[in-house]
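My notes follow the order in which I looked.

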Amino acid sequence: MNRQFMKITGKCATRCTRSGFRALVLAGLLTTMPIATVNAETLAISCGAVGQELQLCKEGTEAWAKRTGNRVKVISTPNSATERLALYQQILAAESPEIDVFQIDIIWPGILAGHFIDLSKHIDPTAIAEHFPAIVANNTVKGKLVALPWFTDAGVLYYRQDLLDKYQATPPQTWAELTTTAQRIQDGERAAGNPRLQGFVFQAKGYEGLTCNGLEWVDSFGGGTLVGAKGEASINNPQAVAALKMAAGWIGTIAPQGVLNYDEEESRGVFQSGNAVFMRNWPYAWALANAADSPVRGKVGVIALPSGGAAGKHSGVLGGWNLAVSRYSAHPELAADLVRYLTSRAEQKRRAIAGSYNPTMPALYKDAEVLAATPFFGQLYPTFANAVARPSRQTGAKYNRVSAEFYNTVRDVLSGQRPAGEALAGLQRRLDRLSRGGRW
Ligand code: GLC
């Protein structure tokens, strides 16, 4: 577990003290110091560390600190969204004031809403209106704006253009095509002396990332997104079964057994070191794949994820992260100002260019410098605009449980422990029970 977090979660039950600096302020010991120093506060923000997230977060917060004369402590969090949520829940349940600003996943407003302030009371409506209305709506729970959008994303397919050229193959439009092309190139390259080459890497560890991958397979076959718009569990259907059977067939053929332990960064490690033909990942991997020291620099293309056959469609799951201010913060106004700065157009533009983190403002998808750095932001705009939402709105506070039921079931199928049909019938029963027949 992250050491900074252990400190916070482990000690909060007994000793939720402020930092030493704040203790001095409270004790009035700094009252004789110059005004500027007395007013300077230290905020803490939890930031992700996937790809360049931590670095960009540090640069952004330092810029705000310099402008305002305050300080910001950046606390890095585990890469797994599932582990990150568990830690946040501990910290917030303890009503700890130690973290002022939380980076929260697009699927968490319904789970964590009660712990955050209403940002619509602190942020100018014109600044809120710059963001995609669908994300603002997603982040609004019972009329309260729980978080401001920071970056969005959707699952996409990366491919090695040089290898496709060598084998006279085209980027795959369907999963069946991907399977055939991946196998052909993997076989060819292994025979030519590269035993490490994998056909396809993705995220199949037991965590939220597998929920995203699994839903993309199922939805691309026309099998829905686990829970329907009215709240009914919808996973026990033939298209979903076909999708999972297909994915199970990849393990040990075009994908290594090890993919069952891969998260985003592990997949990227294999792909970026030149050892995979295809990779499913989020847009952030683009900037790193094309970094000066990347072995695959200039050799990579990005397209929408394949469709599940003639009747299927291209489905990329909607992801993304938002910034929320803790209700337990001692400086909510200042923390809201930090959120305002980090989610601003200029800062989102900087992050889009440096790290290919998708902006949450339509205007930036027309910005020439953003599009030059990451051309697929423009080419794949429909993929981002039509990204498939996980059922977090319908299932509210129970979303995490639903997701865990799903990724554990998918993992059982991928690892060959249970056939897809039986596994999905069981999952449907559990979801029906959990939702009391669709009434979450
Ligand atoms: C990405 C997405 C996030 C998702 C996570 C799963 O970080 O932005 O929404 O939950 O991946 O691994």
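Predicted model: local features only at pLDDT ≥ 70, side-chain atom pairs only at ≥ 80, totals over all residues.

**Entry 1**

Residues are numbered from 1 along each chain as its sequence is written, and side-chain values use heavy atoms, with hydrogens and water left out.

V300 sits in strand β10; strands are DSSP runs of E of at least two residues and helices are runs of H or I of at least four, numbered from the N terminus. I listed its contacts (heavy atoms within 4.5 Å), leaving aside neighbours within four places in sequence: Y158, Y159, F271, W286 and A289. I also took the C-alpha distance from V300 to N281, which is 13 Å at a separation of 19 residues in sequence.

**Entry 2: strand β7**

Across from V300 in β10 I found R160. The strand β7 pairs antiparallel with β10 (residues 300–303) over 4 bridges; pairing requires at least two DSSP bridges between two strands. On β9 (residues 276–281), β7 has 4 bridges, also antiparallel, and Y158 stands opposite M279 there.

Is β7 enclosed or open? I counted 5 of 5 buried residues in β7 (residues 156–160), so the strand is largely enclosed by the rest of the structure. In a regular strand the side chains alternate between the two faces of the sheet. I checked each face: V156, Y158 and R160 are buried on one, L157 and Y159 on the other.

**Entry 3: helix α21**

I compared the length of α21 (residues 399–414) with expectation: its 16 residues should span 22 Å at 1.5 Å a residue, and the end C-alpha atoms are 22 Å apart, which agrees. The expected span is 1.5 Å times one less than the number of residues. Buried residues of α21 include Y399, F406, Y407 and L414. Their cover includes α5 (81–93), α11 (208–220) and α22 (420–434). Just after α21, G416 has a positive phi of about 80 degrees.

**Entry 4: the ligand**

Among the residues around the ligand (a heavy atom within 4 Å) I listed D105, D153, W282 and W321. For polar contacts I used pairs of N or O atoms within 3.5 Å. Ligand oxygen atoms lie 2.6 Å from a polar side-chain atom of E264, 2.9 Å from a polar backbone atom of G320 and 2.8 Å from a polar side-chain atom of R390. The protein buries 93% of the 310 Å² that the ligand exposes when taken alone, by the Shrake-Rupley method with a 1.4 Å probe.

Methods: Buried < 20%, exposed > 50% of the residue type's maximum accessible area, 1.4 Å probe, protein only. Polar contact = N/O pair within 3.5 Å; in protein donor to acceptor, adjacent residues only side chain to side chain.
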